[in-house]
Amino acid sequence: GKLSLEDAVKLAILQNKALQATLQEKEIARGQVIESYQSALPKVSATGTYTRLDKVNTFDVGGASIALGDVDNYSVDLTVSQPLFRGGAIGAALRAAKLAELLSDEGVRSALQGTIYEVALAYYDALLFQHQYDVNEDAVRSATVQLEDVITRRRLGVASDYDVLRAEVDVSNFRAEMIKQKNNVDLAKSRLLKAMGVLQKGDIDLADELEYRPMKPVLEESLKIAHENRPDLYQAELDVRLQKEALRVARSQYWPQIDAFFQELWGKPDPSSTTTNEWNDTWNAGVSVHLPIFDGLGREGRVHQQKATLDQSRYRLANTQEQAFLEIRQALLTLRNAEEFVESQKLNRNRAGEGLRLAEVGYREGIASEVEVSDARSALTLARGLYYESVYGHAISRLNLQLAMGTLGPEPGEGGEGNEYVPDQFFLQEAPDAPGQPK
C-alpha cells in the first residue's frame, strides 16, 4: 500500500536489525555501571570445611590417654572486608562507568541517524526512479500516438517510409529506457525494505513526492547547531573524559590500598584449643595496608601509557571538530549549487515543453517534419529527467546537511528510558534560514 517517508522511518526504528543490535549497547553500559559499584561495596566470603582424620595423636598423662583433636573436624570461616582508600580509583571507576553509559547513548543516536539517513536515501532513490519511469512512460505514449499518425499519413501519401521508421525507433528507445527505470525502481524499493528491516512480498506505493523546498542556511548558525547535536562530537568529548578517569586510576596505584576487615571462625573442635571437642568461635578485626614497593617501573609505565592515550583522545576531538566544519561547509556549498541547478532545469523544462508544443503544431500544419517533432520530444524527455534529477540532488543535499548538523535524530538527552524515540518529533529538522547565500 501507500508508504510515506515518515512511516518508513518509524518502521525502520522499530525493525532495523543493525539499529536493534546497537540499542543493546545501552544495556551493556547499564550493566557496567551496576558492576562499577562493586568496587566501593564490602566483600563478604564464607567457607565451610569438613575433615576426617584416620588417626588422632594422643599422649598419656597419669595413665590416662588424652587425644589432641578429633576424628571429625568442622570449621566455618566468615570474612568481611571494606575498601577504605584506593587513591581515588573507586570514584574514578564510578564516574567512568557513567561516562561509558553516556557514550553508549551517543552511539545509539549515531546509529539512529545513520538508519534514518539510509531509509531517506533509499526512499529518495525510489522516488527519482519512479519519476524517471513516468517521464519515459509519457514519452512512449506520446511517441506511439505520433507513430500512428505517421502511419496514417503514409497511407495518404504525405509521409515517407523513413518517417515511419524514425517514429518506430523513438517508440523502441523510450520503451527500453522505461524498462530500465522500472528495474531501478524495483531495486530501490528493495533497498528501502532492507533499510526498514521488513520483508514484504507485495509492492509498495510511495506516498510522497520529490519536492523542491529552497532554504538559505548560514554557516555560523549551522556550525552552532552541529556542535550542539552531532553525536560524534559528544562521543569524542566523552572519550576524553573517560581517558582522564583512566589516568586517575593509573595514578592511584602510587597510593596504598587500605581495607578494614573482620574475620570470625567457628569450629569443632574449638579452634582456640585443640583439647576441647566442642563448637566454639574466634574472631579478629583490623585494618590492612597494601603498597607494592618494587612496582615503581610498572606504575610509571601505566601512567605514561594513559597520558599518551589521553593526548590521542584530545587530538581525535580536535580532528572531529575540524571534520564537522568541513562537512558543514561542503554541505552548504553543495546545497547552494543544487538550488542553482534546480532553477536552471526548471526553466529548461518549460522551454522544452513549449518547443514540443510548437513542433507538434507545425507538424499538423505541414510546416515541420516528423524528425523535428521527434527531436523536440527527446529534448523534453531529457529536460524532464534532468529536472527531477536536480530536485533529487537538492533533496539529498538537504539530507546531507541535516546529517552533518546532527539533526536527523533526537537531540542529546532525548529519548525515553527504553530508547523509544518518537520520529515525528524530530524527523528532518530544518536548517536555519537567513537571507543571502552561505558565507
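Me: In this predicted model, does D170 count as buried or exposed?
Reply: D170 is found in helix α4, which covers residues 161-196. The cut-off for a buried residue is under 20% relative accessible area, and because D170 has 7% relative accessibility, the class that applies to D170 is buried.

Me: Within what arc do the buried residues of α1 fall, seen down the axis of the helix?
Reply: The buried residues of helix α1, which spans residues 5-15, are L5, A8, V9, A12 and I13. They line one face of the helix, because, seen down the axis of α1, they fall within an arc of 135°.

Me: Against which elements do the buried residues of α1 pack?
Reply: An α-helix has 3.6 residues a turn, so residues three or four places apart point the same way. In α1 the buried set consists of L5, A8, V9, A12 and I13, and the elements against which these buried residues pack are β1 (2-3), α2 (17-36), α3 (89-155) and α4.

Me: Which residue in β7 is the bridge partner of S81?
Reply: Strand β7, residues 257-268, pairs with β5 in the antiparallel sense over eleven bridges. β7 is also joined to β8 by eleven bridges, and these two strands run antiparallel as well; in β8, the bridge partner of G267 is N280. For S81, the bridge partner in β7 is F261.

Me: What is the omega value of the cis peptide bond that joins K268 and P269?
Reply: P269 lies in the loop between β7 and β8. Most peptide bonds are trans. The bond joining K268 and P269 is cis, with an omega of about 5°.

Me: Does V289, one of the residues of the nonpolar surface patch, count as buried or exposed?
Reply: The patch on the surface is formed by L84, F85, Y254, W255, V287 and V289, with about 610 Å² of accessible area together. The elements that give two or more residues to this patch are β5 (72-85) and β8 (280-290), and V289 has its place in strand β8. Because its relative accessibility is 58%, V289 counts as exposed.

Me: Which residues are linked with K26 in a network of salt bridges?
Reply: The side chains of E101 and K26 meet in a salt bridge, at 3.8 Å from N to O. This pair links distant parts of the chain, with E101 in helix α3 and K26 in helix α2, 75 residues apart, and both residues are buried. The residues linked with K26 in the network are E101 and D105.

Me: How far apart are the closest N and O atoms in the salt bridge that R166 forms with D375?
Reply: R166 counts as partly exposed at 21% relative accessibility, and D375 is partly exposed with a relative accessible area of 40%. A salt bridge requires a nitrogen-oxygen separation within 4 Å, and for R166 and D375 the closest N and O atoms are apart by 3.0 Å.

Note on methods: Residues numbered from 1 in each chain as written. Predicted model: local features only at pLDDT ≥ 70, side-chain atom pairs only at ≥ 80, totals over all residues. Heavy atoms only, no water. Patch = residues over 30% accessible without salt bridge, like charges linked within 9 Å, V, L, I, M, F, W, Y side chains within 5 Å. Areas by Shrake-Rupley, 256 points an atom, 1.4 Å probe, with all protein chains shown as cover. Helix = DSSP H or I, 4+ residues; strand = E, 2+ residues; numbered from the N terminus. Buried < 20%, exposed > 50% of the residue type's maximum accessible area, 1.4 Å probe, protein only. Pairing = 2+ DSSP bridges. Arc of directions from axis to C-beta. Contact = heavy atoms within 4.5 Å.
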